[in-house]
Each structure stands twice: as structure tokens, then as C-alpha cells.
Amino acid sequence: MLHLDKNHNPQENKELIASFSENKEDLKSLLNQTDNLFQELNPLPEPTHSPSFSFKNLLHGLPKILLSTAWHKNKEPLPQIVTDQEGGIYPDWKKKLDQAFIQLQREIEQEKNVRDYGAAGDGITDDTEAFKKAIGNGNVKVVVPAGVYVTRGIRLPSYTMLIGAGKGATTIKLHDKAPRSRQLLTNSSHWKGNHHIYVQGMSLDWNVERLDPNKKTASGNNQSSCLTFAHVSFGWVKEVEGINPGLHCFDVSSAVYTYFGDATRARRSSRYIWLDQLNGYGFGDDGITTHHSDNILISNCHLCDPSGRAHKEGFSNSNGIEVDDGSRNVMLLNNSTTRCFGGVEIKAHHNSAAASNTQIIGHISINDNRSYNFRHIGHHVETDTESKTAFNIKASHIVAVAPIRTPLYRDSTPRAMVISAYKNVAINHFTVIGDSEYDYRGEPVIAVQYRSRNIILHHLNIRDFKTAGADIKVFGGPHGADSVEIRKVKIQNSAPTAVYIGSNIQSIRIGDVQAVCEKGNKGLVVDHSNAKIEDFHSLGYKTPISIVNT
């Protein structure tokens, strides 16, 4: 089984993903196909929600008014994908970010070397003041040569570039006496906001060793991370490593996280941010996370081996990449994750707007507990309110390799994909590879469940989950899924049941499925649901197709 460690070069991800996938189409054609599939769904419209006004609400809801806004405010359409002259793939809004980079270069008035301001870089001396003097009020490019620079935290004003000598060469490390809440590197004003900030070529060591090993490492909200952009417009983080943060390696967020209910999101968000060629490990919560922010590109990154220490032991939702509460227009491109709870999680807490308009193009998840996990917590079962904001996910050219159980979340079952509560989800070209010797304890490999709607699974290749229950399971019942299409699927020597369709599903279509299993039980099970089936072929199953509609 392939093992990627913390030093994996994420620039190799594109080729690595291609080596596992059976996709032979050029990526541009594949993405056009995904767009067409998404339109075939007849995407359900996203409702708008205007909060009701009353003086009573004003009196009791002042924090909500000051800190949050309606989810639909300033909402943009799902971004289009464009290609550049070199064949690179980007969201259409990136042209604004490129123009902003030109503006940043124009505003840089001088270049400074932090050593010239007294920085020792010896791993012992407190270099905080040297960084403050070199950075000043911004409009500066600060060069940080090779060395280990101990600081109590660095804050970057607008129009600032901070450039190191590379990952592992330049290391900025938190001081032993820095509080648990400290962000190692962040922008200077979370409340007023900053803009045009560029960070490149360094390792950021949060120095978790300074804390009591038996205590949680994070102190709440968006604190305790290696790098935090909070209320930043136009930001770049490239070729940076995040080491053992109390919370996140890299966090793109609003000034504060807010939890005032579904259909609300925080004010003072970040916008137009590019995270590229990042590595992160040992994180107490997530490797890369986004909250209440718009237009974020995360490309060529590798996240692995969280500590989970921001949470109670055994209950750590520590994800490699998490697109969280209120995030919109986030694109993930050619990233990798391994040994996390979730490889990629697109989600929200029950009392916040869900992430929406998310696109994954090329990703490989290895030994994550849940390779791809899409959910709006607290909006799943029939007694929950239906999510108002969990809409629009596209995923193309993705790979899941051997999801496994994890001590991070000890009772969580391993899955290659879970879709819960989301509407309008198109999955295209998904390669799913199990470990034929691993005990999956009869659990499904791919689960579509909990009131998810308008889902299409297209061009899936699944193999080697011999001890799973079903390769694809669409859960029925009062809080099951509906409006699901499963098309162009190849299953080889995998679970005893290839496809299982639960009860009382009103609309489900299954077509062009080929399932082969040496010791299969049932190829297709449809349990009291209205299924339209075309070209389902199974070989090696005791019962090729079992349909109960009475």
C-alpha cells in the first residue's frame, strides 16, 4: 500500500492521481462532462432568507447583527473553470487575484532583510522585535534567510511580502512562553481587515511541545494556528509548511467564527485567497480549513497525520482539508491527504450556514477514515430542520485508497464517500480502491444518505472491499436520500452486495453498471423503492438482481 509521509512533495500529486485513475480523457473534457452532468440534475434552487425584524430581536440579537449577516448576501454564482496558456486550470475569479498581485508588486517600496534588524535565527534568541521593525507598517518585502527564528507571533499589515529560503530552511517558531491562543503568523487587524499579503518559502512551527501533553492544544474560535488569514482580501501562501499547530496549519476565515444559525454567516470574511504547495502535519484539528470566506483556491497541497489534540480523545474531527461553515466558491485542485479523519470534508455545524459552491478537481485520499465527507451536521434525520444552505458540490478525477478506522474518532466507520444533507452533487470519475485483507465489518463503501437530494454518481471504479456490506448504498426510510442517479459504474471483486437501494425512495436511476465478484451475494438490491434500471450486469453473485416492490 502506498505510504505518503509528511515530506511528500505535493507537486507530484497530479501525476500520482493519474496513476490510480482509469480516466483517459483530457482534464478539460472531463470537467466539461462534469458541468453537463451537474446541469442534468436540474439543480434545485437555493432559497434566500431575510431575517425578520422586530425591536425584541434587535434587543436580544445585537451580537448577531454586529457579527453576522444573511448567507445569501453578496453570494456569487458557482464559478466557471478556465485554462491558461500553459494548460493550468483555475476558477474564473483568479484573474482578479492576478491583477491584485501586480498591484501588490507596485506598492512594495523597499526590500528588507530581517537579519539587518537584529534577528539571530539561532533557534534560541527571541526575534520578535526584529520582525516588527523590518515589517513596519507594510509596503515592504521582508526576506527571512535560512535559520530558526523564535518569535511570540508575527502580524502582517497590508501590502506585505514575507519571503523565506524554503520549507525546512527558514523556520519561524513560537516562543516557549507564547500562550496557547497564539497564532504564529496572521494579519495585523482582524477587525478592520487587511489586503494584499504574500507569504512564501518557510516552515511555521507552532511549538506544541511547550504545552502540557495532557491538555487540549487549542483555545477556541480561530486561535492557536500556524497561519491565519482573518478578514483578508487578496492573499497568497505558497511553499509553506505547517508543523504541529494547536488548531489548524492554515486557516482562511472571518474575523471570528459565528454560530447564529443556518442561513447566517460571519461578517468580515476573507476573499480571493490562493494556498499553493503547502504541507502540514500534527494539527490539533484540521490541516487546511476555511470559514465564512469566498473565492479560495487550494492547490498542490499535502496534509497528513493530525494529533487531534484540539478535541476530546477519541472524538477528533481532524480533517486534511475542511471547507467549513459559510465558505463559498472554494476550489480544491490536485491535493493529497492521508491518515486523517476526513480527507476532504465539506460541511457546517448545525448552527451555521453550510459550505456551498465547492469544486474538487483531482484529489487522492489514502488511509483517511472518511475519504470524502459531505454533511451539514444537525440537518440529517426527520426530526431535524432541513438544511437551507447545503448546496452545490462538483468532484472530478478523485481517488480514495483504503479508508480505515482511526483512533482520532474511534467509533467512526471507514467510508470512501458519505453524502448527507447536500443537494446538487455531481461526482464524476471516482476511483475507489480497498484493502482486500482489511475487515470493513459489513459497512458500505459509499453512502448516500440523510436527506441528500439531486445526486449523480458517474463513472465510478470500485474494487477490493471484500468485507464491506455494499459498494454503493443509498439509504432510504423517512430520513433517507432521494433523486439519485448511478451511472457508468464498474465493480470488481468487492463487497458481497454491489448496489443497495433502501426503501421508499421516489426517484432513482441506475444504468450501465458492471459488477463482477467471485463470491458475491446480491448484485443489486432494490427494497420497496421506485427505481429505473437499465443495463445492470452482474457476474458471480448468487442473486444478480433482487427487487421488492410489494
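Serine 225 lies in the loop between β12 (194–205) and β13 (227–230). The model is predicted: local features need pLDDT of at least 70, side-chain atom pairs count only at pLDDT 80 or more, and totals for chains, interfaces and linings use all residues. Residues are numbered from 1 along each chain as its sequence is written, and side-chain values use heavy atoms, without hydrogens and water.

Serine 225 has 0% relative accessibility and counts as buried (under 20% relative accessible area; exposed is over 50%, partly exposed in between; 1.4 Å probe, protein chains only). Its side chain reaches the backbone nitrogen of histidine 248 at 3.1 Å. Beyond neighbours within four places in sequence, residues in contact with serine 225 include Arg182, Trp206, Leu247 and Asp251 (heavy atoms within 4.5 Å).

The whole structure holds 12 aromatic pairs (ring centres of Phe, Tyr and Trp, the last by its six-membered ring, within 6.5 Å; planes under 30 degrees apart are stacked, over 60 edge-to-face, the rest tilted). Tyrosine 90 and tryptophan 274 pair edge-to-face, with centres 6.0 Å apart and planes at 80 degrees. Tyrosine 90 is in strand β3 (residues 89–91) and tryptophan 274 in strand β17 (residues 271–276), 184 residues apart (strands are DSSP runs of E, at least two residues, numbered from the N terminus). Tryptophan 274 is buried, at 10%.

Tyrosine 440 and phenylalanine 465 form a tilted pair, 5.0 Å centre to centre with 50 degrees between the planes. Both count as buried: tyrosine 440 at 2% relative accessibility, phenylalanine 465 at 1%. Elsewhere, ring pairs link Trp93, Phe234 and Tyr272 into a cluster.

How values were computed: Helix = DSSP H or I, 4+ residues; strand = E, 2+ residues; numbered from the N terminus. Polar contact = N/O pair within 3.5 Å; in protein donor to acceptor, adjacent residues only side chain to side chain.
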